[in-house]
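Q: Hey, can we go through this one together? I'm new to it.
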Amino acid sequence: MATEEAALVRRCLRGEPEAIRALVDRFQTEIFSLCVRLLSHRQDAEDVTQEVFLRIFRSLKRWDSTRPLKPWIIGITVNRCRTWMAQRLRRPELADYLHETAAAPATDDAPELLSEIHAALRELRPEYREVFVLFHEQGQPYDVIAQAVGRPVGTIKTWLHRARMEILERLRRRGMVTSEQEPGVRGQESEVRGRRSEIGKPKLP
């Protein structure tokens, strides 16, 4: 895989259209889905996805071919989402966007619980939200997340644990769970990784 990725990147750096399209096709859905979950707004996610790919192609020559490509791309995506959120908070006219979500309605037998989990997720510190989304919704392993956000695996596990605890605390305050029900809630939480929204791919130039 590393050899294949390196060859693809070299072709992109030579400006081969087919290679550029192949790289976009390989990562587009995953990047867009991650942007949607971190930004909670479809239009913002489409804009940031395009920014991410522009940043990727501008920075390809700096990618270390001895390391996997995916964590590097995820890292760029997370960083662009952080920047976008910081800018959005400074734009009062976009305040209403914070209350919107592009996620599809839950179709299981606990939609209210999942809604509360997602609401709690939006209130987490950015780094907690990022690792939660990457692990539970994107299904990324600890080592990929660690490389993407530039932190040790132990830190990722700590952040993920704190994110879960804060979500559970919100659910307790809302009367959604009791201490006896918490193991079941963790099971619901784990199922979130399989509930990716059915969303179309953004149009890229």
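Q: Which residues are buried in helix 3?
A: In helix 3, the buried ones are D44, A45, E46, V48, T49, V52, F53, I56 and S59. Buried means under 20% relative accessible area, exposed is over 50%, and partly exposed is in between (1.4 Å probe, protein chains only). Helices here are DSSP runs (H or I, at least four residues), numbered from the N terminus.
A: Just so you know, this is a predicted model: local features need pLDDT of at least 70, side-chain atom pairs count only at pLDDT 80 or more, and totals for chains, interfaces and linings use all residues. Residues are numbered from 1 along each chain as its sequence is written, and side-chain values use heavy atoms, with hydrogens and water left out.
Q: OK, new topic. How many aromatic pairs are there in the whole structure?
A: A search finds three. Rings of Phe, Tyr and Trp (its six-membered ring) pair if their centres lie within 6.5 Å; planes under 30 degrees apart count as stacked, over 60 as edge-to-face and the rest as tilted. One of them is F53 with F57, stacked at 6.4 Å centre to centre and 25° between the planes.
Q: Where do F53 and F57 sit relative to each other in helix 3?
A: They're four residues apart in helix 3 (residues 42–59), so about one helical turn separates them. F53 counts as buried at 4% relative accessibility, while F57 is partly exposed at 26%.
Q: And what about Y128 and W159?
A: That pair is tilted, because the planes are at 50°, with ring centres 6.4 Å apart. Y128 is in helix 6 (residues 126–137) and W159 in helix 8 (residues 153–173), so the pair ties together parts 31 residues apart in sequence.
Q: Are Y128 and W159 buried or exposed?
A: Both are buried.

How values were computed: Helices (H or I, at least four residues) and strands (E, at least two) are DSSP runs, numbered from the N terminus.
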